[in-house]
Every structure is written in C-alpha cells, then in structure tokens.
Amino acid sequence: MDVAASPCAPASRRRLTDRIGDLALHVASAAAAFGGVAVLGLVAYRVAYGAWPAIRTFGISFVWHEAWNPVTSRFGALDFLYGTAVTSFAAVLIAGPLAVAIALFLTELAPPAVRGVIGSLVEMLAAVPSVVLGLWGIFVLGPFVRDHFDPWLHSWFGRMPLFSGTPQQAGMLPAILILAIMIVPITASVARELLEAVPSELKEGAYGLGLTRWEMVRGVVLPYTRGGLVAALLLGMGRAVGEAIAVTQVIGGFAGIPTSLFQPGDTLASRIAAQYQGAVSNLHVASIVYLALILLVFAFLTNVGAQVIVRRFEPGKAG
Amino acid sequence: MTASHLAAGSRVKRRKRVDFAVQAGWVLASAIAVAVLAIVTGSVLVRGVPALNGDLFTRTPVTFGETGGGIAHAFVGSLVLVGIGAAMALPVGVLSAIYVSELADRRVARVVTISLDVLNGLPSIVIGIFLFALLVVGRGQNAFIGSLALAIIMLPLISRSTQEVLALVPSHLREGSLALGVSRWRTIVGVILPTTVSGILTATTLAVARAAGETAPLLFTTSLFGNDVSGDVGHALASVPVVIFTYSEAPDPHLNDEAWAAAFVLIVFVLVTSLLSRALLARSRRKLERG
C-alpha cells in the first residue's frame, strides 16, 4: 500500500484529507446538481398528482370542454386554451419580426457605441417586472387602447369580426400588446447571439460579390440562422403562454370565447392567477392545477423543442 | 449608353432603395423598443414619484376610508422572502455548476443542464401551483414556501451563469494546480473558485433582481397576509410585487397611487441592480478572458 510506503506522516494525513475532500465535494456538488433535476421531476409529479381529481372526473375532454362553473362543479379549459392561443400567437406575430429586426440592427448595422447602449436598453425592457408592466397596462395602455387604438382599428378593419364591438379598456388586445412587449427583448437577445455566430468570412464573401447589406442578410445570415431563429420565436411563444400576472391585470377575466379582440377573455395562466383566493371545492382546486399541468406540458415541449432545433441547426453544422 | 446599361443602372438603384428601406425598418424596430421602455419607465416615474413619501416605507396600511399609511410590511416581507430564497439558491446553484463544469462526465452534465434549462423555462405560476399543491393545501400559506418558490426560480439562473464563468477560467490554472499534485477539491476551492467570486456574486445579484419582481409564485404561497410589519416566515408575509398586484386592481385611487409608488421603487431597484451586475459581469468576464 502506498500509505505504508510513505515515510512522511503529514503527507499521508494530507492524502487522507484530500481523499475525504474530493469525496465530499463530489457528493455535495452531485447532490446539488441532481437536486435541481429532482425538483423538475417533483414539479411534474406533484402538479399531475394535484390535478388527478379533475383528471379522473373530466378526463382528457377537460381540454376541449367549454365551462368554468364552480357552482355546478363543471370545469373545462377550452376558453382559456383559446385565449392563450390567440394572445400568444398574435404577440409572437407582432414581436417576432420586431425582435429579429432589432437583432439585425444590433449585429449588422449599429456602430459599436450605439450597439452597447441600445443593446442594454433592450435588455432593460426584459428586466421590467411583469406586475409593473401590468400596472402600466391597466392605467396607461388600457385607456389608450380604448380611446384611440380600438377606434382606429375599427375604422379600418371594422368589417372583420376580430375588430368589431365596443372598445374596452380591458381585453384581448391590451393583453396581446403587453405580451409582445415582454417577448421582444428575450427573442431579440437570443436572435442576436445567433446572428453574432455567423462567420464573418461568409458575410465578407457576400459583400465581395457586390451584394447590398439586405441581400447579404437574406442570402447568408438568415439561411444560416434559420433554425435558431425558429427556436428563438418558440422560446418567446413559451414565455407568452406562461405569463400570468400582467395578462390577468389587463385581459379582463372573462370565461367564454371572445370573437373580437376588443372583448375581455382569459388565458390558462391568467385564470390560474385570478383564482388565487377563491377556490371553493377540491375539484375546483384540482381543475386549477389541471390548467397548470397543461401549461407545464406546453412549457416542456417548447423548451425541449427549441433545444432540439438549436442542436440540429447548430452554427457550423449547417450548410 | 445602351438600353441594357440603363436597365442595369435602374436595377442597382432599386436594389439600393430596397436595401435602404429594410435597414430603415431595423432602425425603426429598435426605436420602437427603446420608445416603449421610455414610455413605461416614464409613466412609472410620472405617477410614482408624486406618491412617494416617507410614510410609504415606514407605515403600514390604514383601514379603509382613512388616508395616509404605507406599505412598510411589503418592503420588509420582500427583503425576508428574497433574502432567504437567495440564501437557499446560491449554494445549490454554485455547487451544481461545479459538478457540471468540473466533475461530471459529459453525458451526465448534459442531463443536468437541460433539466435546469427546462426548470428555467417553466412559467413561474407553475412553480407557485406546484408548491401550493405540495405544501400549502391543508397547511395554509407561509413565507418560507414563498422563499422556496423564489429559490427554485433563482437556482437555474445562478447555476447557468456560474457555469459560464467557470468555463472562462483558463485551463492552465486548473492544469497547473493539478500538475503540482494539488488534489481536485483543493484546486476547485482554492484556485478556481476565487477567480470566479465576482462573477458568481453578480450572477446572484441578477437572480435577486429577477426574484424581487416575481409575483406569480408568491400569489399561491404567501399572499394572504396581515398588515403588520413582520419577519416571521411561519406566516404569510407581504411582498412588494403582490401588493402592487392587489393595489393595482383596488377601487381606491389612493391605493392605486401607492401601487405606482411601489412600482417606482421596484423598477429602480431592478433596473439599477441588473444594469450594475451586467456591467460587473462583463468586466469580470473580460478579466478572465485576458488572464
């Protein structure tokens, strides 16, 4: 044994503490790391378990059943799924092009000094707490939408049912705008990282062929980063779907299927947040947890989906 | 000049015009984002500052109908909630980052990082519902559960940024130490961690800034609180975001004003800390990259 071979006692003692130290650090850090993994597993398990009474009562048809009635104990998620789908999709439709344009401005056009300033301003927008954005939505954006934006939309597109009805302060439209504001900075910062990874030889080659900046972007940068940009939009979408607080504050809290964007509605997340004080029965609680389970599944799919896409289109592997 | 020359010339002109229009669109998009930030912070400034006064920080809410009062209970509660949350998330986050970057083999490391990324991508209201179903149902709310929710939100943020800083530690430091016969744990604790302390601290500050503004996970865990200033985590404690949330929908305009004032304090705290820590993070990163 090497300990016996060592004539020097402090050295062997040191070797012992080293071995204990190595083991302790390894065990402690592995415990922390797998603790994180375990939390994720526990979240999934406990939310599914908490939703179980509602799953047993309503089954999977909960998802497409349209009712939310604590009095008759009949619950379904269709109204909120619809609200979530419409608001998130519309928010991505507004925020996606804006975010990509901002990322292109920051990587391709802006001089370094401007890039630093505008870049951190856009990141500051991401740091605004959602409850503050919601407060602003109630008192500033909501009245603006009711008095100016709704009538303007109505005068142009009033024939479409989407933009018909009485302008209101709380409704789907303010929620869409708030969500768009929230996801622009996140999508832009992911897109920016992707765009920065495009090799400059490719860009310079395109410029060397006499292309304009936009032609270079369209011909080189966008094809190179396509997959990643889709993933960035997906992450933005996931964020919009899960946002509860700001949406609750501005959407008006209405169970039903609004046919106009001027009407109030509700999303999965906003319905959960709005019910924090008032669950009356076990089934009611379980139904709220069921809504959270749908959110959880969706968040899992978008995150893993984005990871898979990014990995498949990883810069360097493309082309 | 021949006709084809002219056609080529007009084509170039058209290409240039398209190019200009598209780039103008990029500038416009950036201007819109900055304008939105200016409008939001401007509104909070305009509405929040007039409502600011000493009472806001030193007094507790008055009964309905009276004027005056403040939200001292919320400031103290937020301090307690975020402080305990950070104290739980920091060691776990740093240790898990050490495991992933320094000790685990690649495949295991990937499982851990993907799980933490998914945890980071979970809507914060789902974290709130999780702890509600796990700990609140049957027992009632308390502030410790709220801190736990904030810790779960901070954990992936701290772990991820610590991993990034650890990856920047030059490998010659690590190899030099190991080559001298220094054991792994001494290398990590004595050589690697000291170079990353400022990075880890700024990452924690960033996570604290994020957690301080989180409302959703607190709604189901610590929102049914009294009006007294308290630090007792066995009961539900007030917090600044939850107070803003409830006051923003209150019919009393005086409470709306208090919500704006609290929003002003919160936004200043969040923006200042996140800007500062971002600047520090960039600096420590540059230092490590040079070293």
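Me: Is the crossing of α9(A) with α12(A) left-handed or right-handed?
Reply: This is a predicted model, in which local features need pLDDT of at least 70, side-chain atom pairs count only at pLDDT 80 or more, and totals for chains, interfaces and linings use all residues. Residues are numbered from 1 along each chain as its sequence is written, while chains are lettered from A and ligands numbered from 1 in the order in which they are written. A crossing is left-handed if the near helix is turned anticlockwise from the far one by less than a right angle, and right-handed if clockwise. The crossing in which α9(A) passes α12(A) is left-handed.

Me: At what angle do the axes of α9(A) and α12(A) cross, and what does that make α9(A) relative to α12(A)?
Reply: Helices (H or I, at least four residues) and strands (E, at least two) are DSSP runs, numbered from the N terminus; axes are lines fitted to C-alpha atoms, for helices over the stretch in contact, with angles from 0 to 180 degrees between N-to-C directions. The axis of α9(A), residues 213-242, comes within 8 Å of that of α12(A) and crosses at roughly 165 degrees. Angles under 35 degrees count as roughly parallel, over 145 as roughly antiparallel, 65 to 115 as roughly perpendicular and the rest as oblique. Therefore α9(A) is, relative to α12(A), roughly antiparallel.

Me: How many nonpolar residues are in the contact of α9(A) with α12(A)?
Reply: Two residues are in contact if their C-beta atoms, placed from the backbone, lie within 7 Å. Residues including G227(A), V230(A) and L234(A) of α9(A) meet residues including L295(A), F298(A) and R312(A) of α12(A). Ala, Val, Leu, Ile, Met, Phe, Trp, Tyr, Cys and Pro count as nonpolar, Asp, Glu, Lys and Arg as charged, and the others, Gly among them, as polar. By class, the contact of α9(A) with α12(A) has seven polar, one charged and, as nonpolar residues, 12.

Me: Which residues of α4(B) make the contact with α12(A)?
Reply: From α12(A), the contact uses A299(A), F300(A), N303(A), V304(A) and Q307(A). Its classes are five nonpolar, three polar and one charged. The residues of α4(B) in this contact are I114(B), D117(B), V118(B) and G121(B).

Me: How many residues does each chain put into the contact of chain A with chain B, and which helix gives the largest share of the side of chain A?
Reply: Chain A gives 68 residues and chain B gives 74 residues. The side of chain A has 48 nonpolar, 15 polar and five charged residues. Its largest share, 19 residues, comes from residues 9-50, which form helix α2 of chain A.

Me: Is I125(B) buried or exposed?
Reply: A residue is buried if 20 or more other C-beta atoms, placed from the backbone, lie within 10 Å of its own, exposed if 12 or fewer, and partly exposed in between. I125(B) lies in helix α5 of chain B, residues 124-136. Leaving aside neighbours within four places in sequence, I125(B) is in contact with residues including A292(A), I272(A) and A216(B). Because 29 other C-beta atoms lie within 10 Å, I125(B) is buried.

Me: How many residues of α10(B) are buried?
Reply: Helix α10(B) runs over residues 240-248 and is largely enclosed by the rest of the structure. Among its buried residues are P241(B), I244(B) and Y247(B).

Me: What is the phi of S73(A)?
Reply: S73(A) sits in the loop between β1 (68-69) and β2 (74-75) of chain A. S73(A) counts as partly exposed because it has 14 C-beta neighbours inside 10 Å. Although S73(A) is not a glycine, its phi is positive, at about 55 degrees.
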